[in-house]
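Please keep the structure open while reading.

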Amino acid sequence: MRYAKEHKQETKQRIIAMAGRRLKSNGIDGSGVATLMKDAGLTNGTLYAYFASKDELVATAVADQMRAQHENIVAQAAPGRAGLEQIVRWYFSPEQRDSIEDGCPNAALLDEIARSTDSTRQAYTDGALVLIDGFAARLAPHDPPSARPKALGLLGMLAGTMQLSRALTDRQLADQLLEQGIRNALTLLDAEQHN
């Protein structure tokens, strides 16, 4: 029996979504094809009906995670500085920190993306640029390109602080780091823009 085109697309989207969650939880190297396909309720061989390789699935899942972060968080935030503060406060919440598989792909996967295939790194870069441009448009609505370096610095601050907070075993210290991260990010946002 042949499946309708819609069924195939729905299955592919389920594979991508489940892979994105698993990759953030277990890492790229810690997520084998068998586990990724089992999460989607499929067999190993089914991967190749949708993707040429695990690497292609990883690049697609990274792109999807970055797109979702932009659509669900950045695009939904208020305009201007108020929106950036919303994003920062959401990002540095204990809930976001403690929910790795539902959280930010930046903090969960950056170290592995740096060692991944060119296509995965490009998928990440494309997604990061969308986030950065969303930040820049809020920093300098009349000249977003002028705020791109500051927006890039903000993304780096967010991801690095979150990675460190997740790595700490001392919960109180990790929470203090998130609070300091909010203060640091707001200071960066309020610093005079220099080109």
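**Notes on side-chain contacts and the main pocket**

1. The side chains of arginine 148 and aspartate 133 form a salt bridge, with 2.8 Å from N to O. This pair links distant parts of the chain, since arginine 148 belongs to helix α9 (residues 148-167) and aspartate 133 to helix α8 (residues 118-139), 15 residues apart. Both partners are partly exposed, arginine 148 at 34% relative accessibility and aspartate 133 with a relative accessible area of 35%. Please bear in mind throughout that this is a predicted model.

2. A second salt bridge joins the side chains of aspartate 39 and arginine 22, at 2.7 Å from N to O. Aspartate 39 lies in helix α2 (residues 33-39) and arginine 22 in helix α1, so the pair ties together parts that are 17 residues apart in sequence. Aspartate 39 has a relative accessible area of 23%, which makes it partly exposed, and arginine 22, at 24%, is partly exposed as well.

3. Glutamate 85 and arginine 89 also meet through their side chains in a salt bridge (2.8 Å, N to O), but here both residues lie within helix α5 (residues 80-91), four residues apart, or about one turn of the helix. Arginine 89 is partly exposed, at 41% relative accessibility. Salt bridges with shared partners connect Arg81, Glu85, Arg89 and Asp190 into one network, and the count for the model comes to 13 salt bridges.

4. Which residues form the aromatic cluster? Trp90, Tyr91 and Phe92 do, as one cluster, and the model has two aromatic pairs by count. The ring centres of tryptophan 90 and tyrosine 91 are 5.8 Å apart with their planes at 70°, so this pair is edge-to-face. The rings of tyrosine 91 and phenylalanine 92, with centres 5.7 Å apart and planes at 80°, are likewise edge-to-face. Tryptophan 90 is partly exposed at 30% relative accessibility, whereas tyrosine 91 is buried at 2% and phenylalanine 92 is buried at 2%.

5. Another contact involves a charge and a ring: the charged end of lysine 8 sits over the ring of tyrosine 50, 5.5 Å from the ring centre.

6. The largest pocket holds about 180 Å³ of space and is lined by 15 residues, with Lys24, Gln65, Ala68, Asp102 and Gly103 nearest its centre. The elements that contribute two or more residues to this lining are α1 (5-26) and α4 (54-74), and α4 gives the most, with seven residues. By class, the lining of the largest pocket comprises five nonpolar, four polar and six charged residues.

Terms used
Residues numbered from 1 in each chain as written. Heavy atoms only, no water. Phe/Tyr/Trp six-rings, centres within 6.5 Å; stacked < 30°, edge-to-face > 60°. Buried < 20%, exposed > 50% of the residue type's maximum accessible area, 1.4 Å probe, protein only. Lys NZ or Arg CZ within 6 Å of the ring centre and 35° of its normal. 1 Å grid on protein atoms, 1.4 Å probe; cavity = no way out; pocket = protein on both sides within 12 Å on 5 of 7 lines; lining within 4 Å. Points joined across faces, edges and corners; volume = space filled by probe spheres on them. Nonpolar A, V, L, I, M, F, W, Y, C, P; charged D, E, K, R; others polar. Salt bridge = Lys/Arg side-chain N within 4 Å of Asp/Glu carboxyl O.
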